[in-house]
Structure formats: structure tokens, C-alpha cells
Amino acid sequence: MLGLAAIALAVALLPLVYLLVRTAEAGAGRIAEELFTGRVAVLTARTVALAAVVTAACVVLGVGTAFLVGRTDLPGRRLFAVLGALPLAVPTYIAAFTWVSTLDGFTGFWASAVVLSLCSYPYVYLPVVAALDRADAAQEDVARSLGHNPWRTFRSVTLPQLRPAVAGGALLVALYVLSDFGAVALLRTDTFTAAIFTAFDLGFDRTGALVLATVLVALTTVLLVGEGATRRRDARYAAVGAGARRPHTRLRLGPARLPAALLLAVVAALALGVPALNLARRLAAGVSRPGSLPEIAAAAGNSLTVSAAGAALTLLLALPIGLLVARAPGPLAAGAEGLSYLSHALPGVVIGLSLVFFGVNVAYPLYQTRWLLTLAYAVLFLPLAVAAVSAAVAQAPPVLEDVARSLGRSPARVLATVTVPLTVPGIAAGAALVFLTCMKELPATLLLRPTGMDTLATELWTHTGVAAYAAAAPYAALLVALSAIPTWFLAARTGALASQEGTR
């Protein structure tokens, strides 16, 4: 199993290693020439500033929404619990497309900040509302027994327990902003991802694209190292046990109940209402175009087939890593799990660019084929499958595997006849999540798709690029509809809905 896990990690890290090797081949002089320029400084400042602004906005929106939904007598809490998660179903490039086609002149830094914040705040909301649901009610009861009122108890006891969840959600938002390409490109905000794509796809400046990609890798690494330090510092906030699963005392908002509900309704209207109304208004015109239905059907078919292939390869690579993590915990397994996450933290445009160079120079038979795009999906979304496999295997009783081995079955037969059947539900859920995430991926698909093959995402991008908003609407609507399914399950699994029960 260790050997198979090593092979899977080698495949996953191939784009990153190749990117670094190709960049080093340019030589120190050329790297310095491309790196130490005013444009790189401006790109760095703008990208970091956008990540900082969006992360701060998402922390405010996410924590505020989670607090109102999870710990107050807010009217319509169950509705707002679902609405708080649904923006994840709207890919940022679809949100940008709907805003641009609705408001003239809606471009630039602050336009990107608004769109990315509205689409990304659920990354903070979901872990925080889950942490609120899991918090030990006994600690809060003790604080109140010492004379603390509900508001003081929340500030002094509950909020410190939320710091790891807030930090983790903020990291996801920052990484997402660094990796986003579609929204910033449509809103004409020149960040690293847009500059890398332009340098390669339009300017044919491969060395410049490589250097910019390496800088983006460095920024991502700094974020990951910072998150690791934050996690170690906040480890003291972790609970030792599961805590008492009792209803939590809800804070009374009093006269602020209706204004609070109105505020959440406004956020939901901006995040969901604008895309929904825009798509509904243009959908009929887009579907009625001559030849539109065959185009939509072909794009949907390509999306389904290449996403299915990506999900299958991802699970194949994730299985040995997930088994190692669940059945042989230790430094080696932890290292393998950490390495599997490294490429996932990189933007799709960087993965796509490195695989383009790899295909042209090393594996030319794969270049301009669906197999190279499938490999990109596996590299990008391997951690999603690893998490699903390891969690499913951890829940399967290892004693059954021991019994099978004691009866003389080989490890491979035990895996096929005992372990895999026990973990099928969890692995299937992970496969569905990877499949739908592949459906929404844009930058790597743009760089690696074979000539003449379009997906729902690339067709949307093509029509939006020439301001054919009605033609783009059917592709956007279909993507949003497909993405809403896992988002609903995500909201339910994190406790956003269950936390309402028994507390009214």
C-alpha cells in the first residue's frame, strides 16, 4: 500500500515539480529580469490586497450569519441556514457574468471584491456554524451559573472556541481568491491568475508565465505556512471530548430581530437573487437560438464524460493514500496526506500551465487529449477524494479485515471483498463531490481541453467573452443547478439545519 501511495503522490506532484524545474531552466538572470519589475510588484500588491479585502469581508459575513442562524432567535432561521450555504453553488465566473451583464461599468478591483465576497463567505459560515453546533453547552452553563449574562457568555466562552473554524475558513477564502481566474478576468482585474493566462494564451510568453506562476506558488506557500502556525497556536481551544449534546441557549435579539433578518435577506438577494434573475431573464432567449440545443447537449455530454473520467482517476489515486491515513496513522501517513493537499492549494491556471509544458515537452501523445485534462482534475481535486476515502475507511471496523486475513485471504482480496464494500457509501459521496467540482473547473479546462471540445464552463466563457449574455445563460443555469445538489448536502452535514431542532 505504501508503494501505491508513493506512486499516487508522484503523479499528484508532477505538475508542481515540472513547473519548478522548467522555471529553473530559464536561468537566474532571466528569472530576475522577469521577477524584479514594476508590473510584478503591482500584481503582487493587487492580488494580496484583493485576498485581504475579500477574506475580511467573508469573515464578517460568515461569522455574522453563523451567529444569527446558530445562536439567536432570528425569525426564519432554517431558511437563512440554507441561504447562507447556497452561494457556493454559484461559480464565481457565473456570478461575475450576471453582474457584468446587469450593471454597465461594473468592473475593477472593488467589483471583483464584491463578487468574490458574496460567493466565498460560505467557506467561513459553514465551519463556524458547525463549530457553534458542536460547542459544549456545559461550559456555557457554567459561565452563566457564575453570573455571566448570555451575551457575555458568548463573548468569553463561545467565541474563543470558534477561532480555529474562523481561521480555517479564512484560509480557504484567501486560497480561493489567489486561485480565482474567471471572475477577475471577466471583471477586468489584473491579478496573477489573469496575467499568467494572458502571458501564455495570448502573449506566448512562456518564461514570463512560468515566473509569475512560481511567484503565485510562493504566495500560496506563505499562506499555508501561516495557517499551520495559526493552527498550532489555537490548538488549546480544541475540546478534549465531544461535549454535551444539549440545546444551546439562544440570545434574544429583541427589537433587532427584523433588522437582522432583513440584513441577511439583502445579502442573500445580492449573492443569489442577482444571478437567478439575470439567468431567468436571458434563459429563454439563449435556448431559442438556432442550433443552441445541440450545442448545449454536446457541451453537457463533454462535461459529464470528462468529469466522470476525472472523478474515476482521482479516486484511483486517492484510495491507497486514504487507506494509509486511516489504517496506518503516523508521521508517514500525515506527510502523505499533507503532500496530497499541496497541489490542491495551487490555482487551476498554474496546474494547467505546467501540464501544457509537460505534455508538449515530455508526454506529447497526451497533449491535446482528454487524458491530460483528466490528469489535471485528479491533481486539483485529489484531497477531496482522500478525505472521503480516509473517513469512510476509518468508520469501517478493522476487526472484519483481521478476521478475513486470519482465514487466509491475501491483502488484495481483503481490500476487494471486505474493505471496499464497507466503504462504498462514503467513497461514492466523495466521487460525487469530485465529479461536480470537475464540472465547474474553468482555467485548467481552458488550457488543456482538446481542440474542438467544449464543456459547459468553456462555452459559458466563450459566449461571455464576446458579450453574448443570452447565449451564455443556458450553460450558466445548468452549471448552477448541478452545483446546488452537493451544496445542500454540505449544509445538512455541517449541522446548519440540525442545529435548529429542539431549540425553538
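Helices here are DSSP runs of type H or I with at least four residues, numbered from the N terminus. The model is a predicted one.

**The chain as a whole**

- Of the 504 residues in the chain, 51% are buried.
- The accessible surface of the chain is about 21600 Å², and carbon and sulfur atoms account for 69% of that surface.
- When contacts between residues at least 6 apart in sequence are considered, 84% of them join residues at least 24 apart.

- Helix α5 is largely enclosed by the rest of the structure, because 10 of its 11 residues are buried.
- The buried residues of α5 are Thr92, Tyr93, Ile94, Ala95, Ala96, Phe97, Thr98, Trp99, Val100 and Ser101.
- Threonine 98 belongs to α5, which spans residues 92-102, and has a relative accessible area of 0%, so it counts as buried.
- Beyond residues up to four places away in sequence, threonine 98 touches Val274, Pro275, Asn278 and Leu279.
- Alanine 183, located in helix α10 (residues 182-186), is also buried, at 0% relative accessibility.
- Setting aside neighbours within four places in sequence, the contacts of alanine 183 are Thr92, Tyr93, Ala96 and Leu116; Thr92, Tyr93 and Ala96 are among the buried residues of α5.
- Valine 115 is 68 residues from alanine 183 along the chain, yet their C-alpha atoms are separated by 7.7 Å.

**An aromatic pair**

- The whole structure contains 6 aromatic pairs.
- In one of them, tyrosine 123 and tyrosine 176 have ring centres 5.7 Å apart and ring planes at 40°, so the pair is described as tilted.
- This pair links distant parts of the chain, since tyrosine 123 lies in helix α7 (residues 122-134) and tyrosine 176 lies in helix α9 (residues 150-179), 53 residues apart.
- Tyrosine 123 is partly exposed, with a relative accessible area of 25%.
- Tyrosine 176 is likewise partly exposed, at 26% relative accessibility.

**The second largest cavity**

- A search of the whole structure finds 2 cavities of 30 Å³ or more, and the second largest cavity holds about 50 Å³ of space.
- Its lining is formed by Thr65, Phe80, Leu83, Gly84, Tyr121, Leu264, Val267 and Ala268.
- Helices α4 (77-83) and α13 (257-287) each contribute at least two residues to the lining of the second largest cavity.
- Helix α13 gives the largest share of that lining, with 3 residues.
- By type, the lining residues of the second largest cavity comprise 6 nonpolar, 2 polar and no charged.

**Positive phi values in loops**

- Arginine 188 sits in the loop between α10 and α11 (192-201), and its phi is near 60°, a positive value in a residue other than glycine.
- Arginine 188 is exposed, because its relative accessibility of 68% is over the 50% cut-off.
- Glutamine 368 is found in the loop between α16 (348-361) and α17 (370-395), and it too is a residue other than glycine with a positive phi, near 60°.
- Glutamine 368 has a relative accessible area of 31%, so it counts as partly exposed.

**A buried glutamate**

- Glutamate 459 is located in helix α21 (residues 456-465).
- Because buried means under 20% relative accessible area, glutamate 459 is classed as buried at 11%.
- Apart from neighbours within four places in sequence, the residues in contact with glutamate 459 are Ala299, Asp454 and Tyr475.

Key
Residues are numbered from 1 along each chain as its sequence is written. This is a predicted model: local features need pLDDT of at least 70, side-chain atom pairs count only at pLDDT 80 or more; totals for chains, interfaces and linings use all residues. Side-chain values use heavy atoms; hydrogens and water are left out. Buried means under 20% relative accessible area, exposed over 50%, partly exposed in between (1.4 Å probe, protein chains only). Contact means heavy atoms within 4.5 Å. Accessible areas come from the Shrake-Rupley method with a 1.4 Å probe; for residues, only the protein chains shown count as cover. Rings of Phe, Tyr and Trp (its six-membered ring) pair if their centres lie within 6.5 Å; planes under 30 degrees apart count as stacked, over 60 as edge-to-face and the rest as tilted. On a 1 Å grid over the protein atoms alone, a cavity is a set of points where a 1.4 Å probe fits but cannot get out, and a pocket is an open set with protein on both sides within 12 Å along at least five of seven lines; lining residues have an atom within 4 Å of a point. Grid points are joined across faces, edges and corners, and a volume is the space filled by probe spheres set on the points. Ala, Val, Leu, Ile, Met, Phe, Trp, Tyr, Cys and Pro count as nonpolar, Asp, Glu, Lys and Arg as charged, and the others, Gly among them, as polar.
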